[in-house]
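Subject: Handing over a structure

Dear colleague,

I am passing on to you the structure shown here, together with some notes on what was found in it. Please keep it open while you read.

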Amino acid sequence: MTVERHERLMNHFDEACELAPDAQAEYVRKLAMDDALLARDVAELLAHDRAAGSTLERAADELANTQTAPLGAVTSAVVRGGDLDGVQDLEPVAELGEGGMGRVLLARQRSLQREVAVKVLKDASLERADDLFAEAVLAGSLEHPNIVPVHALERDRRGRPVLVMKRVEGVSWRTLIREPDHPAWPSLLEKHGDRLSAHLWILNGVCLGLHFAHSRGVLHRDVKPDNVMVGAFGEVYLVDWGIAAKTGLSWSTDPAAARGVGTPGFLAPEMLDDNASPPDVRTDVYLLGATLHYALTGKPRHEGETVLEQLEAARASLPRDYPTHVPDELAAICNRATHRDPARRFASAEAFREAIGDYQRHRGAQELSDAAWQRLEKLRDLLATSPHADARQVHELATESLFGFRESRRVWPGNARARDGLRLCLQTQVEYEVGEENLGRAQALLDEIDDPPSELVTSVGALRERLAARAAREAKLAALERAQDWRVAARYRGAFFLLACALSIGLWRFAVRDRDPRPIAPELLALYMVAALGVLGALVVLFRRHLLATAVTQQVVFGMLCCIGAMAVNRAANAIAAPPTAAILSADMVFAALTAALGAVTLARWFWLFVPLFCGGALVARLAPQLAGMTFASTATLALAIGLFASTGRRR
């Protein structure tokens, strides 16, 4: 705001303060006939004065509405006599609105049988005719789908300019923002899904029109929701180019600056500084950011109890903290676009539009990451209350979270929220898998984390060492268990017993065949036992891989060989002394009983079955010497049969 304009504002404010409230309202209305912007500022100042009442507030409201009345909204104002006098092709119908410089009429164009919007001066004076001519030339040079077309520039009978434009049938964007129940909303929501998407679609059209104007060297300087019209068929128009100016003009030399520099709630800080650099496209970028701010919050960028407070807020242009319902990315766009330093803003309206487009593309990714965060928080709450929660529920929540974060990053690689969520989700899963001792899954998840926390790496390493030590212990125990497992090599052990049984049966047949009352020669007894020992020993050597596979098999086989070897030694030692056959065989069976007792203590309890068997055989051999050979052969055969049955896995 220029110093001169500020002085005019305060002078009118001081004069109005001396009047009664009703007289103040009339004073403001009269002032509006000459300068609507100045009158509105005075009304806003008075509206906050304690002496002012609701009358002044209504007056301020009326001024705000007439300043930016939509081109398509017919008011109840009566068309004044002489309007469009001398313009034969136009027939005035009604008044659409009134601004600081002129009035906008609804007229019928006779030649084309259509309704048009016509802007004329407010009074008979030609004082501001040049301004309206300048606006007509500027707007007429901007032929773009998002700028209201100018059809013609005429003169009435008094020589005043008559600007003929397309009539826009629709509603102002400000009305849509302020009235969520407006009849236009259902069709917008049907097309765009939600209100935010609809607002961003409208803003996109504004950016396109503004960028085109900038390409033609024209600045709008009053971009705000009031100056955006949304047509009934989806059209978006940036309207009211009344204070537009060519780029490169300084504020002090621009004639438009003397009658107003825009709207206090949206002003860029350089618009209030007479010594600022010439305006450029970044000034309009600021207004775009302030407009987006209004769409997101429903409030102007610069708030204050008075116009002066709003102007001070505009000069400071401090960054804003946005409520939680405003997406972070849009909040950042707003703060960047409305930065106090023009160099820190977006370089153009197109760059601003592209940032909004990026957000819209990112929005789906953001929604994915938000949903993934909800699942992750649920997972962490579950694990906090129950560290060993149901694995199915944990994996379901974790899988859904990981998918959401990964898909969000695929759509938007720069999504920091998804990146952080993915990292935390992986860390949470690693901690859970470590607790459940799932080393493979924990390591796989850890490998997905870039630069994982050292404590997490340490915990996985400790789990690996712990599981390795446990595996070594279990392997050792398994080896011990296998060594004592009677089922291992049972077939070969059985074959060994069968062969021993065959040798025993051969001995029995030999004893039966020679039931001669004469004793069996000790040399023959020794030779037979040595032969048996040799055959069994050879069998052990040939099938050692299987017969010696376990400790129990080794002990059984070596026990048998030791027993047979002891018998062979006993018989060889008695070959010279030549005691009775019954004595030799009785001693053999005593050796067998002692060997069985040792096996019962060290190997298996079923070896105790052999002890009474062999002891009984030794006793029978002593009491009935003539039956010694048959008793020995029968006892050995029965013992081997029992051993065959018990050692092949049926008993342990």
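Predicted model: local features only at pLDDT ≥ 70, side-chain atom pairs only at ≥ 80, totals over all residues.

Residues are numbered from 1 along each chain as its sequence is written, and side-chain values use heavy atoms, with hydrogens and water left out. Helices (H or I, at least four residues) and strands (E, at least two) are DSSP runs, numbered from the N terminus, and two strands count as paired if DSSP finds at least two bridges between them.

Five strands make up an open sheet with antiparallel pairing, in the order E1-E2-E3-E5-E4. At its edges are strand E1 (90–98) and strand E4 (150–155), each of which pairs on one side only, and the twist from one strand to the next averages 30 degrees. Axes here are lines fitted to C-alpha atoms, for helices over the stretch in contact, and angles run from 0 to 180 degrees between N-to-C directions. Within this sheet, strand E2 (residues 102–109) is joined to strand E3 (residues 114–121) by eight bridges in the antiparallel sense, and Leu105 stands opposite Val118 in E3. E4 and strand E5 (residues 161–166) run antiparallel and are joined by five bridges, with Arg155 having Pro161 in E5 as its bridge partner. These two strands, E4 and E5, form a hairpin with five residues between them, and Gly159 in the turn has a positive phi of about 90 degrees.

The other open sheet has three strands in the order E6-E8-E9, again with antiparallel pairing. Strand E6 (170–172) and strand E9 (236–238) stand at the edges with a single partner strand each, so one side of each has no neighbour in the sheet. E6 pairs with strand E8 (residues 228–231) over three antiparallel bridges, and Gly170 stands opposite Gly231 in E8. Helix H8 packs on this sheet, touching E8 and E9 (contact means heavy atoms within 4.5 Å), and its direction makes about 45 degrees with that of E9.

Helix H7 (residues 185–192) packs against helix H8 (residues 195–215) at an angle of about 90 degrees, with the axes 8 Å apart. H7 is therefore roughly perpendicular to H8, a term that covers angles of 65 to 115 degrees. On the H7 side the contact involves Trp185, Leu188, Leu189 and His192, which meet Arg195, Ser197, Ala198, His199 and Trp201 in H8.

How values were computed:
Parallel < 35°, antiparallel > 145°, perpendicular 65-115°, else oblique.
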